[in-house]
Amino acid sequence: MTPLKKITKNHRLGFIGLGHLGSPMARRLLAAGFPMVVSNRDPNKTTAFAALGAEVARDPGELATQVDVVLSCVPDGAAVETVYLGPDGVLRNAKPGTLVIEMSTVAPDTSQKLNRVARELRISVVDVAVSGSAPAAEAGTLTLLGGGDRQDFDAAEAIFGAIAKQWFYMGPSGSGVAMKLVVNTLLGTGMQAVAESVALGEALGLPRDLLFDTLAKTAVVSPVQAGKLGSTKRRDYTPQFPIRLMKKDFGLALSAATRVGLSLPAAEAAAAVNAAETANGGEEDFSAVVRWMERQVVAENSVPPAA
């Protein structure tokens, strides 16, 4: 089903979820000239968008009656079901032919369920998972990973071009979020590997600053990891991707692996450390696992504690 052959700036957008990624994406779409209606669970977050020219809806259902395209970026699968399937949700109120671009990181079967229900109402859904941090969202350099009908995905290129550097169609409904779980499994296990390497270096007596600086310049460290080494060297855990969200994504990935009979021993170990550090401050950046590992060095080897 292709409700819109090609989305243009004559089409009215609705954006639900103005959090770490949703807010900068919505701002970029407004700046690109798309007319927009916004809705957020915390209505205080809509004030700034009203000042930028967006209209504000009291709930997702009211928003859905006013737009051609609904975009959403909310915390988890339960929030997705409330936004779309609840009594004041999108699907009970959207007109046939509406296109939904669901950008939350959820289980693939959540995306597939939403797609099935929507199609019965002649509403199209694509899952377009977002890979990238809040600064990438602000700069418009995100990577988007899409699942659903290919024509629906291609129809949204004008939207994607306003918020992302690149976008990839991965396959049928659920494929976009499946790829996001693949990406974040690598992201999380990679950060744990960096944290363990740092801990090993400190335990062996290497000077901390020299250890961080040298490791960041080696060929085995990715650009993202090098950036994290720079911030964690300064003990700066300002959230670009909060550790509580990494914890959630580990849970989704491990659950998906269990359903297909796959063991992910490295991811399981990384998830355990991630969960332990989340308990110390879920709003800090996921790179805080470095601090968790450094604390183990302090405990085992009496290295002077971090300030």
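Lys228 is buried, with a relative accessible area of 8%. This value, like the others below, comes from a predicted model. The residue belongs to helix H11. Beyond its neighbours within four places in sequence, Lys228 contacts Met191, Gln240, Asp285, Phe286 and Ser287. Because the limit for a buried residue is under 20% relative accessible area, Lys228 falls in that class at 8%.

Helix H11 packs against helix H9. H9 spans residues 175-203 and H11 spans residues 223-233. Their axes lie 11 Å apart, at an angle of about 50°. H9 is therefore oblique to H11. The crossing of H9 over H11 is right-handed. On the H9 side, the contact is formed by Leu187, Gly190, Met191, Val194 and Val198. On the H11 side, Val224, Gln225, Lys228 and Leu229 take part. By class, the contact of H9 with H11 comprises 6 nonpolar, 2 polar and 1 charged residues.

H10 covers residues 208-216, and its axis comes within 9 Å of that of H11. The two axes cross at roughly 165°. H10 and H11 are therefore roughly antiparallel to each other. The crossing of H10 with H11 is left-handed. H10 contributes Arg208, Asp209, Phe212, Asp213, Leu215 and Ala216 to the contact. H11 contributes Ala226, Leu229, Thr232 and Lys233. The contact of H10 with H11 holds 5 nonpolar, 1 polar and 4 charged residues.

Arg235 lies between H11 and helix H12 (243-259). Its phi is near 55°, a positive value in a residue other than glycine. Arg235 counts as partly exposed, at 35% relative accessibility. Arg122 likewise has a positive phi, of about 60°, although it is not a glycine. Arg122 sits in the loop between helix H5 (108-120) and strand S6 (124-131). Its relative accessible area is 55%, and Arg122 is exposed.

Gly174 is placed in the loop between strand S8 (164-171) and H9. Gly174 is buried, with a relative accessible area of 3%. Gly174 and Ser111 are separated by 63 residues in sequence, yet their C-alpha atoms are 5.3 Å apart. With neighbours within four places in sequence set aside, Gly174 is in contact with Pro108, Ser111, Gln112 and Asp127.

The largest nonpolar core has 34 residues. Within this core, Phe15, Met25, Leu29, Ile101, Met103 and Ile159 touch the most other members. Met25 touches Phe15, Cys73, Met103, Val130, Ala137, Leu142 and Ile163, with residues up to four places away in sequence not counted.

How values were computed
Residues are numbered from 1 along each chain as its sequence is written. This is a predicted model: local features need pLDDT of at least 70, side-chain atom pairs count only at pLDDT 80 or more; totals for chains, interfaces and linings use all residues. Side-chain values use heavy atoms; hydrogens and water are left out. A nonpolar core is a set of buried Ala, Val, Leu, Ile, Met, Phe, Trp, Tyr and Cys residues joined through side-chain atoms within 4.5 Å. Buried means under 20% relative accessible area, exposed over 50%, partly exposed in between (1.4 Å probe, protein chains only). Contact means heavy atoms within 4.5 Å. Axes are lines fitted to C-alpha atoms, for helices over the stretch in contact, and angles run from 0 to 180 degrees between N-to-C directions. Helices (H or I, at least four residues) and strands (E, at least two) are DSSP runs, numbered from the N terminus. Angles under 35 degrees count as roughly parallel, over 145 as roughly antiparallel, 65 to 115 as roughly perpendicular and the rest as oblique. A crossing is left-handed if the near helix is turned anticlockwise from the far one by less than a right angle, and right-handed if clockwise. Ala, Val, Leu, Ile, Met, Phe, Trp, Tyr, Cys and Pro count as nonpolar, Asp, Glu, Lys and Arg as charged, and the others, Gly among them, as polar.
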